[in-house]
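Hi everyone, thanks for coming.

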Amino acid sequence: MLTQAPKGTQDLLPQGSYRVQAVEAIMRQVCDLYGYREVRTPVFEHTELFQRSVGDTTDVVQKEMYTFTDKGDRSITLKPEGTAGVARAFLEGKLYQEPLPCKMYYVSTPCFRYEKPQAGRLRQFHQHGIEVFGAKDASVDAEVIALAMDVLHRAGVKNLHLGINSIGCPLCRAAYHEALQAFLAPKLPGLCENCRDRFGRNPLRILDCKEEACQKAIQGAPGILDHLCADCAGHFDALQGYLAALGIDYEVDSRIVRGLDYYTKTVFELIAKLPTGDLTVCGGGRYDGLIGELGGPPTCGIGFGMGVERLLMVQELERAAPPAPRLYDAFVCTLGRDARLKGLSLVADLRKAGLSADLDHAARSLKAQFKYADKIGAPYVVVLAGDELAKGAAKLRDMAGSSEEEVPFEHLIPTLKERLGRD
Ligand code: ATP
Ligand code: MG
């Protein structure tokens, strides 16, 4: 127990952290280009926030939340997704008083869901995401989709499939619910317990149920696209026009309903097509009713959540992961006390000059220091020892070429910079 992380969690070890940092840097860079600014919200929120927003007939709220009572007798939940907290922050920070649209992003925000752990499904995972408040036109739906695809493409994901759908607004959904209930009524006894409950309260959710019996029951069910009101149909048409203008390929897939209740109109998924099968890396949609539902002034919104661990999986499977950066530009090897003192100040000077460097801290012999420098892949080794040291010089060893030359101290940093191709 002591040496085992809880089920469904993962450590990010130093050997692999550069990969996460790389996809975080891409996310920041792209968001910057699109005019989004970072937002950070707490890891936990009042449970009611998720019940009201994600919805209490969803799998996430019914089965997957990490909820506990704190010492002050409040019901607290570790966030299962990013949107609800950001919507709450938008309201609490009165961001609706600022010029709209308000465009925000978050990077590697931890999310918690009590799920059955398997490849790409964890209990603590991380999401990159964006949220836009106060933009009604479908052009922003296209922008949100384009931004997600931009991030994934820059991360090296090649075979990306975009599926879009519209799940309408409360107006057209009422008519659709009726049609769906009429279709499902004869199959009701065969549905799972949750779906029998959803049938009256939120039949759309049944389309998202993972139970095999329910999946079977919904085959041939009426499609929501045939029930959209004029406003929602117009919005969906406009989105398709914008996507075409951006040259983004997509497929209209009426089976996409998304697992969170706050969605209205546009919903979408980005699926990586891999030799091993499909992997959904990103999902999102519009949530025009959310801010109103939380008690704020009616404000439309749209966003996405992107699974960071899934993105890393895709990179690996597509062999698109960047190479590990080297730990040091130069490693300083020393022999004797004088050399060590000089070495310490040299390392400080190298770092000041923007070169990553270190010296031995493990009291190793000179030979063992070379071995270590080789093992960690330092391209250059600076040797401080014997006659050269007395002369005010060092030996500079090029580890790849195995060549060595004597360099006076004052020329060491410019020489190293030149060799490393730095300014
Ligand atoms: P799925 O259908 O795979 O359960 P979801 O619809 O529950 O996904 P969202 O709530 O839309 O997922 O979350 C957005 C993204 O977060 C997903 O596309 C996925 O990449 C990632 N994600 C969701 N749940 C997990 C999890 N348990 N472990 C790792 N990543 C996850
Ligand atoms: Mg899920």
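Predicted model: local features only at pLDDT ≥ 70, side-chain atom pairs only at ≥ 80, totals over all residues.

Let me start with a term: a salt bridge here is a side-chain nitrogen of Lys or Arg within 4 Å of a carboxyl oxygen of Asp or Glu. Residues are numbered from 1 along each chain as its sequence is written, chains are lettered from A and ligands numbered from 1 in the order in which they are written, and side-chain values use heavy atoms, with hydrogens and water left out.

Back to the salt bridges. The whole structure has 31 of them. Please find Arg286, which pairs with Asp141, their closest N and O atoms being 2.6 Å apart. Arg286 sits in strand β10 and Asp141 in helix α5 (residues 138-154), so this pair ties together parts that are 145 residues apart in sequence. Helices (H or I, at least four residues) and strands (E, at least two) are DSSP runs, numbered from the N terminus. Are Arg286 and Asp141 buried or exposed? Both are buried. Buried means under 20% relative accessible area, exposed means over 50%, and partly exposed is in between, using a 1.4 Å probe and protein chains only.

Two other pairs stay inside one helix. In α2 (residues 47-55), Arg52 and Glu48 are four residues apart, about one turn of the helix, and their side chains meet in a salt bridge at 3.6 Å, N to O. Arg52 counts as partly exposed because its relative accessibility is 40%. In α7 (residues 193-201), Arg201 and Asp197 are likewise four residues apart, about one turn. The closest N and O atoms of their salt bridge are 3.0 Å apart. Arg201 is partly exposed, at 48% relative accessible area, and Asp197 is partly exposed too, at 32%. Elsewhere, Arg28, Glu38 and Arg40 are joined into one network by salt bridges that share partners.

While we have α2 on screen, look at Val54, which lies in that helix. Why does Val54 count as buried? Because its relative accessible area is 0%. Val54 and Leu260 are 206 residues apart in sequence, yet 4.9 Å apart in space, C-alpha to C-alpha.

Now, the ligand. Ligand 1 is surrounded by 16 residues, and the closest are Arg113, Glu115, Arg121, Leu122 and Arg258. A residue counts as near if one of its heavy atoms lies within 4 Å. By class, this shell has four nonpolar, six polar and six charged residues. For that count, Ala, Val, Leu, Ile, Met, Phe, Trp, Tyr, Cys and Pro are nonpolar, Asp, Glu, Lys and Arg are charged, and the others, Gly among them, are polar.

Which strands each supply at least two residues of the shell? They are β6 (124-133), β10 (277-286) and β11 (301-307). The most comes from β10, with four residues.

Zooming in on atoms, a polar side-chain atom of Glu115 lies 2.6 Å from a nitrogen of ligand 1. An N or O atom in the side chain of Arg121 is 2.8 Å from a ligand oxygen. The backbone takes part as well: a polar backbone atom of Gly307 is 3.3 Å from an oxygen of ligand 1. Of the 580 Å² of accessible area that ligand 1 has on its own, the protein covers 90%. Those areas come from the Shrake-Rupley method with a 1.4 Å probe.

Last stop, some backbone details. The peptide bond from Leu100 to Pro101 is cis, with omega near 5°, and Pro101 is in the loop between α4 (83-92) and β5 (102-112). Arg319 has a positive phi, near 50°, in a residue other than glycine. Arg319 lies in the loop between α11 (308-317) and β12 (330-334) and counts as exposed, at 77% relative accessibility. Ala363 is not a glycine either, but has a positive phi of about 55°. Its loop runs between β13 (357-359) and α13 (366-375), and Ala363 is exposed, at 75%.

Methods: Polar contact = N/O pair within 3.5 Å; in protein donor to acceptor, adjacent residues only side chain to side chain.
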